[in-house]
Amino acid sequence: MDEVFMAKALELAKLGHGKVSPNPLVGAVVVKDDKIIGSGYHEKSGENHAEVNAINSCREDVCDSTIYVTLEPCCHYGKTPPCVKKILESKIKRVVIGVLDPNPLVSGKGVEFLKNHGIDVTVGVLEEKCRELNEIFNYYIVNKVPFIALKWAMTLDGKIATKNYDSKWITNENSREYVHKLRNRYSGIMVGINTVIKDNPRLTSRIENGRNPIRIVIDSSLRIPVDAKLLKEEGKTIIFYAEENEEKLEALKNYNVEVVKVDKKLDKVNLKTVMDELCKRNIDSVLVEGGGTLNYSLLEENIINKVYAFIGPKIIGGKEAITPIEGEGKSKINESFNIKNLKVLDFEGDILIEGNIQY
């Protein structure tokens with residue numbers, strides 16, 4: 001039964017997508033006499049954690065019950081009190097945990113606290129699924145840099161646009177709807193200046209109750225047009241540049257945009273510096289929807305963690321048609337960027353290949 005109740009906690013945790021970053025997604029259920037008597041999830045950063053919401057939702061005495069939680073309960077004071085104390089005060093007799101918290105402030109300490117106070121603790125139920133749920137948080141909290149995912153949509157012959165830059169639409173509506181869900185999950189969305197100039201995207205998440213990611217533009221010499229659609233959308237935009245352009249800087253003051261100058265690398269914006277700047281702003285994850293030049297540069301810098309490659313059942317052809325990864329490219333197959341943890345999803349004709357970069 002442990003796996004059944006943990007699976008329920010996992011489904012609850014997913015309801016926090018787009019609302020809790022840079023905190024983890026966490027779900028919890030309270031069970032007594034093999035019956036769920038309370039449930040909850042971490043709903044918003046800075047608010048009650050999943051365990052507290054689950055316990056508070058109970059309409060009967062939780063004494064001697066079991067709580068199932070996808071992530072190890074916290075034992076330190078942050079924006080909220082420690083969850084282990086709430087569990088102890090509620091006289092819950094058993095805690096079932098999906099996976100230990102990788103946060104050094106917590107990892108193992110929550111379990112130790114509970115055991116030292118006579119509570120029965122089980123760790124590792126649906127562990128891999130619980131760990132996968134928080135791959136963004138796990139990477140960010142340990143490495144102190146954002147988790148970066150690269151997304152593109154291409155034809156069967158590997159083109160993201162025709163030679164005339166026409167790309168609407170390579171994939172179907174189901175695929176595009178899923179992309180908007182991804183935009184809701186990631187804290188930021190990044191493009192290069194060429195994508196802004198050629199496509200003039202809005203970079204919004206157009207789903208019900210969703211939120212727009214922070215728009216991030218890599219623009220070495222501040223070529224961004226002042227009538228670009230993304231400058232007029234609600235929410236924040238950050239532009240990273242390396243070369244001075246006083247006229248453009250003055251014009252951008254009329255928009256809700258943060259313009260950040262960083263150092264150069266090979267006459268372009270230093271992408272490693274950009275990652276550091278994003279981390280300073282508590283941006284834990286970024287979905288990259290850039291062009292082939294930016295995509296290759298990020299791969300070359302070992303910055304990309306994950307890839308979402310959508311494939312539409314179309315063929316464009318032509319050696320001048322646009323590909324998702326450009327740059328100099330590799331000269332040998334054994335120098336390729338390899339993908340692990342592959343998943344293949346079917347979107348009613350389109351295919352999504354998803355996986356992690358193995359450097």
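Start by selecting helix α6, residues 135-143: this helix lies across β6, β13, β14 and β16 and runs at about 135 degrees to β6. Angles here run from 0 to 180 degrees between N-to-C directions, with axes fitted to C-alpha atoms, for helices over the stretch in contact (heavy atoms within 4.5 Å). Helices (H or I, at least four residues) and strands (E, at least two) are DSSP runs, numbered from the N terminus.

You are looking at a predicted model, where local features need pLDDT of at least 70, side-chain atom pairs count only at pLDDT 80 or more, and totals for chains, interfaces and linings use all residues. Residues are numbered from 1 along each chain as its sequence is written, and side-chain values use heavy atoms, leaving out hydrogens and water.

Next, colour the open sheet of nine strands, ordered β10-β9-β8-β7-β13-β6-β14-β16-β15 with mixed pairing. Strands pair if DSSP finds at least two bridges between them. β10 (257-261) and β15 stand at the edges with a single partner strand each, so one side of each has no neighbour in the sheet.

Zoom in on β6 and β13, which pair in the parallel sense over four bridges. Here phenylalanine 147 stands opposite serine 285 in β13.

Now pick helix α11, residues 292-300. α11 lies across β6, β7, β8 (214-218), β13 and β16, at about 115 degrees to β7.

Finish at helix α7, residues 173-185. Its buried residues (under 20% relative accessible area, 1.4 Å probe, protein chains only) include Tyr178, Val179 and Leu182. Among the elements covering the buried residues of α7 are β6 (147-155) and β7 (188-192).

Definitions and conventions. The expected span of a helix is 1.5 Å times one less than its number of residues. Buried means under 20% relative accessible area, exposed over 50%, partly exposed in between (1.4 Å probe, protein chains only).
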